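Notes follow as I went.

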Amino acid sequence: MMRSVMVLAVDWERLRDAYPDRTDKWLAADAVRRGLRLVQGPVADAGPSGPTADRRLAWLQASFPRRSGSICTQRFDLVTGRERFRRAAEMERRTYDEHLELERDLVPPLKERAKTLRAELRALEEQLRQLGVDPEGIEPKIDWPRTLAVDTYTRPHYEPNESRRRRTVEFFRRTTRG
Amino acid sequence: MNGPDPFEGLERDLDFWNVSDKTVELAVPGDPDLPAEDGHLRFVLYAGLFDLLTDQAVLAAESEEEAVEVIDHALSSVNAVEPTLRYELFERGSTAERQELVVRMRGREVAMTREWVIPHVEQDIEAYQARIAALRRAIEERAG
């Protein structure tokens, strides 16, 4: 049974260039065989200090592939994640703008209009009561529990970043002066 | 060197913001010792890939000293990228997770406002206007 594994094309090209006579199948099988031996073997100690070239080379051959493998695996995650990071940031900004547009421009005028009408309606009902008429007998009635309660609604205050920045600067200017 | 340096241009390829994100899918024999998780299998393959490149560097070098120099240089390039790579991977990954969560929650709120709150308030306004008109008529009749 075969397994499949993805690597960056640029890394695979590098290996192909180093072994132009070998097939992808051979290279992949040999890389996995070698990789397994390295990963299952002991981790090389820190490089010998002041070593001879042969000792240093032996140490590099034992440690460099494993270390590079680890870094390139993480690099693969980052590189293939770049699109996700970009998309997440863009979606976050888009939903922020959409939410802001709704809560700043669309919903407040509607709720304020509803609040004004509710107050006007109650004032007219009171006026009728004073004229000796029971407003409950007048159609159409309002099914109050089903309405959206907006009597205490106040428009949210959105402060632009610039004015917040100016206020912060002003605050520190005042406190450091004292 | 007797042949091309297999690590030529490694620094450029390690630049994780600019290197191409094109991938290749490789078929490997399903050894029972291979790790089940894709990321671990990729690590095994990458370790082997660099082992093959290291062998090639030794073959291409004219002396052990030259082989050490070439591989040491490649190791320095790999080591240099590690701290920022680890940081960026963690930072970008957690930021994206947070943003995706915010998008899901905010998306639900936006849908709720568009599909329920706004139509509901508009419906309420129509009902208030109809009753206000009826109350006004009643007041005029009573007053007239």
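**Core and contact notes**

I started with the largest nonpolar core: of its 45 residues, V7(A), L45(B), Y46(B), L49(B), L53(B) and I71(B) touch the most other members. A nonpolar core here is a set of buried Ala, Val, Leu, Ile, Met, Phe, Trp, Tyr and Cys residues joined through C-beta atoms within 7 Å; buried takes 20 or more other C-beta atoms within 10 Å of the residue's own, C-beta atoms being placed from the backbone. Helix 2 of chain B gives the most to this core, with 11 residues. Helices (H or I, at least four residues) and strands (E, at least two) are DSSP runs, numbered from the N terminus.

Caveat for myself: this is a predicted model, where local features need pLDDT of at least 70, side-chain atom pairs count only at pLDDT 80 or more, and totals for chains, interfaces and linings use all residues. Residues are numbered from 1 along each chain as its sequence is written, with chains lettered from A and ligands numbered from 1 in the order in which they are written.

Next I checked V7(A). Not counting residues up to four places away in sequence, V7(A) touches W12(A), F76(A), T23(B), V24(B), L26(B), R42(B), L45(B) and Y46(B); contact means C-beta atoms, placed from the backbone, within 7 Å.

Then the strands. Strand 1 (residues 2-8) of chain A pairs with strand 1 of chain B, antiparallel, over 7 bridges (pairing needs at least two DSSP bridges). L8(A) has T23(B) as its bridge partner.

Last, the whole contact: I found 86 residues from chain A and 82 from chain B. On the chain B side, helix 3 gives the most, with 46 residues.

Technical notes:
Contact = placed C-beta atoms within 7 Å. Buried ≥ 20, exposed ≤ 12 C-beta atoms within 10 Å, placed from the backbone.
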